[in-house]
Amino acid sequence: MENFVQVLIDGMLSGMIYALVAAGLCLIWGVMDVINFAHGEYLMIAMYVSYWLGFLAGVDPVISMIASGVFIFILGALTYKLIIHYTIGKPPLAALLATFGLAMFLKNICLNRFSPNFLILSDTWLGGKTFQLGGLIIPAPQLAAGILSLLVVGLVYLLINSTRFGWAVQATAMDREAAELMGINTERIYILIFGIGGACVGIAGGIMPSYLAVHPEVGSLFGLIAFICVAMGGFGSIPGAFIAGILVGVVEAIAGFYIAPVFKYIAVFGLYLAVVFLRPRGLFGW
Amino acid sequence: MDHRLLRLNSWIVFLAVVCLLLGFGPCAGSVQAAEKIIKIGTIFPLTGPVATAGQRCQAAVQTAVEVINNKHPEIKVPLAKQAGILGGYKIVLVHADSQGKPDVGKAEAERLINQEGVWALIGSYNSAVSKPASFVAERAKRIFMCGSSSSAALTQRDMKYFFRLAPTDATESVDFVEVLKWLNKKKKAGIRTLGVIYENSEFGKHAALEAKKAAAAGGFKVVADVGFNPGATNLNSEVQTLKKNNPDAVFGAVLGADYSLWVRTMKQANFLPKIIINYCSGYQDPVIAKQLGQDADFFMGSSGYSPQFASLMPAVAAVEKIFKTKTGGVPFDGNSIQEAVAMLVLAQAIEKAKSLDPDKVAKVLHENTWVSPLSLGGKVKFVRGGQNAMAKSIVTQLQGGQYKRIYPEKMADAQIIFPMKPWDKR
């Protein structure tokens with residue numbers, strides 16, 4: 001029983017990270033119908049920002065994740081202004097291919113600047129720290145990331161559902177032209193949505209160097225899992241993406257422990273396929 | 001057609017024919033007589049999670065080429081005292097990035113042979129890449145020198161043009177089991193059970209297979225068989241599986257960034273067996289060892305070289321000096337040095353064969369024993385299938401960030417710290 005609870009905790013903590021990464025993607029997808037292929041690369045860049053702040057200035061990831069969040073907010077807003085803006089009104093494939101190009105660009109910039117070597121941040125505040133509850137071990141970096149995920153996703157949810165800005169976002173998502181007729185500056189909404197979506201993944205990436213090595217490929221699998229969470233949760237549903245993230249984490253951990261570690265991603269992608277077949281609009285989609 | 005255009009076309013055709021005759025065309029050979037160069041292709045993972053290791057392997061081949069192409073009287077390895085081979089031929093390297101992926105490695109081998117026209121290939125670090133890339137070379141009758149890939153399956157294919165320098169994971173598994181037996185005898189260690197953790201690749205799966213075979217032959221029971229997909233976002237369930245089965249010893253085949261994640265996850269889960277021994281993996285990477293700090297200590301692994309072996313291999317220092325200029329001061333490790341040996345032995349064989357006929361050079365490679373001051377065994381001798389029968393490695397342990405020689409005892413420079421010190425007592 002103790003093993004089961006430990007595996008469940010590990011799975012939920014991993015899942016919360018996936019949820020935080022997915023929340024940003026979900027926001028952009030839900031409001032703008034844009035699939036941001038560069039989402040995993042945003043995560044990777046956030047990790048680099050956090051790593052270099054830690055390595056050069058001694059700033060711990062717990063603090064530098066704020067800088068990572070701000071940096072990726074700006075990167076997200078610039079992505080919209082310089083790339084996505086020119087694809088609005090064009091076939092959906094245009095934005096998709098543009099973000100794919102951006103992903104390649106960002107990855108290769110990092111390869112060129114930082115080399116493909118993986119970088120490990122040592123002696124962080126949370127690195128290697130754990131809490132013990134009886135026989136259960138809760139790793140501090142993942143716990144902090146999990147709590148952060150709850151907070152950020154909760155804040156984004158409140159922002160979208162309980163503020164004038166959020167109503168404007170919802171109106172823009174439903175009908176851009178009607179929203180503009182109501183006096184909403186949809187261009188500004190789009191910039192902010194791309195920025196906020198980026199900030200979510202930026203914060204997640206900012207704290208990750210506490211326990212994960214940084215290298216140009218690190219965001220790829222996270223990006224893929226984020227897509228699955230968004231599709232499973234229901235396009236545009238932030239609570240859906242959050243629950244799907246946790247579900248993915250738990251399924252991954254249970255399959256990895258009780259079946260075989262090599263089976264864990266098979267189980268995750270199998271679950272995704274099952275959801276797509278049985279409920280194509282996702283668990284919480286409409 | 002316009003008369004002038006017709007004349008221009010005739011000139012273009014004429015020039016194309018002249019170029020082809022002079023050997024500048026797409027089918028130009030790899031051995032370019034006019035320039036006296038021999039093109040050798042390298043395939044290593046220059047990007048991806050094991051890129052650090054791949055880049056060092058490439059730097060090692062470049063170092064060997066520098067030694068071969070120029071006079072280096074201060075270096076005590078064959079061919080260092082002369083400039084070039086075969087009376088002035090220089091070796092020119094053409095590099096390719098496999099990304100650690102078999103399909104990419106295979107495509108790059110095809111490109112290097114068919115488009116770049118290389119005369120031979122060196123690579124590819126990952127066994128999973130060496131396997132298909134060397135098939136391409138074999139089909140094209142090109143020699144494939146494999147420095148550090150350790151999957152025993154590579155030399156069980158009975159290929160004619162394939163030569164591997166490193167010890168195989170089969171021999172390493174036997175060595176590791178010998179270490180366990182030695183500890184049981186010498187330290188009354190009470191090691192009875194074994195866990196194996198490995199990446200789900202050609203290298204990892206084969207290493208695990210050999211580990212299980214050697215363990216069974218040595219009387220050890222394998223209680224945990226943990227494979228995982230390389231590049232995972234976490235290794236929680238892998239470590240929990242090891243912890244649940246609580247083996248006395250663990251053999252690891254975990255490369256690159258996954259190695260650091262594995263070590264850190266074990267620390268978080270507060271799990272350590274009595275002893276962990278690694279195949280050629282993240283353990284041998286001095287950069288990872290440095291970045292992990294104290295957490296890397298007391299792990300063990302096999303190694304064909306580390307700077308602490310300097311007294312056993314005095315010729316390495318002068319070559320390593322060149323190598324360090326290419327790696328920002330990082331010394332040779334057990335994998336990269338094998339790639340340098342691969343290049344040096346190939347050059348010796350070409351020189352001895354006095355020919356650039358791949359069949360003749362392959363025959364000479366098989367028939368001779370090669371002096372190799374950069375190898376722990378001091379010599380290289382290929383047997384059927386292309387395995388270096390004189391490949392040796394020493395089992396080391398990281399103590400205070402230094403690779404200490406532990407086993408065989410006659411080559412040891414430190415006492416083993418056994419069992420591994422718990423995480424909270426470091």
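## A tour of the A–B interface and the aromatic pairs

Chain A and chain B bury about 3,000 Å² between them, and carbon and sulfur atoms account for 56% of that area. The model is predicted. Please begin by displaying both chains.

**The interface, side of chain A.** Select Phe118(A), Ile120(A) and Phe257(A). These residues of chain A lose the most area to chain B, together 23% of what that side buries.

**Across the interface.** The charged end of Lys244(B) sits over the ring of Phe257(A), 4.8 Å from the ring centre. Next, select Lys264(A) and Glu238(B). Their side chains form a salt bridge, with an N to O distance of 3.0 Å. One salt bridge is found across the interface of chain A and chain B. Polar contacts across this interface comprise 12 residue pairs, both residues being at pLDDT 80 or more.

Now colour chain A by secondary structure.

**A ring cluster in chain A.** Select Trp29(A), Phe37(A), Phe100(A), Phe227(A) and Phe235(A). Ring pairs link these residues into a cluster.

**Ring pairs in chain B.** Over all chains, the structure holds 28 aromatic pairs. For one of them, select Phe176(B) and Tyr279(B): the ring centres are 4.9 Å apart and the planes lie at 50°, so the pair is tilted. This pair links distant parts of the chain, 103 residues apart: Phe176(B) belongs to helix H5 (residues 169-186) of chain B, while Tyr279(B) lies in the loop between strand S10 (275-278) and helix H9 (286-292) of chain B. Phe176(B) is buried, at 0% relative accessible area, and Tyr279(B) counts as buried at 1% relative accessibility.

Move on to Phe323(B) and Phe332(B). Their ring centres are 4.1 Å apart with the planes at 15°, so this pair is stacked. Phe323(B) is buried, with a relative accessible area of 0%; Phe332(B) is buried as well, with a relative accessible area of 1%.

**A last stop in chain B.** Select Arg157(B) together with Phe162(B). Arg157(B) lies over the face of Phe162(B), at 5.0 Å from the ring centre.

Terms used. Residues are numbered from 1 along each chain as its sequence is written. Chains are lettered from A and ligands numbered from 1 in the order in which they are written. This is a predicted model: local features need pLDDT of at least 70, side-chain atom pairs count only at pLDDT 80 or more; totals for chains, interfaces and linings use all residues. Side-chain values use heavy atoms; hydrogens and water are left out. Rings of Phe, Tyr and Trp (its six-membered ring) pair if their centres lie within 6.5 Å; planes under 30 degrees apart count as stacked, over 60 as edge-to-face and the rest as tilted. Helices (H or I, at least four residues) and strands (E, at least two) are DSSP runs, numbered from the N terminus. Buried means under 20% relative accessible area, exposed over 50%, partly exposed in between (1.4 Å probe, protein chains only). A charge sits over a ring if NZ of Lys or CZ of Arg is within 6 Å of the ring centre and within 35 degrees of the ring normal. Buried area is the accessible area (1.4 Å probe) that two parts lose on being put together, summed over both. A salt bridge is a side-chain nitrogen of Lys or Arg within 4 Å of a carboxyl oxygen of Asp or Glu. A polar contact is a pair of N or O atoms within 3.5 Å; within protein, one must be able to donate a hydrogen and the other to accept it, and residues adjacent in sequence count only if both atoms are side-chain atoms.
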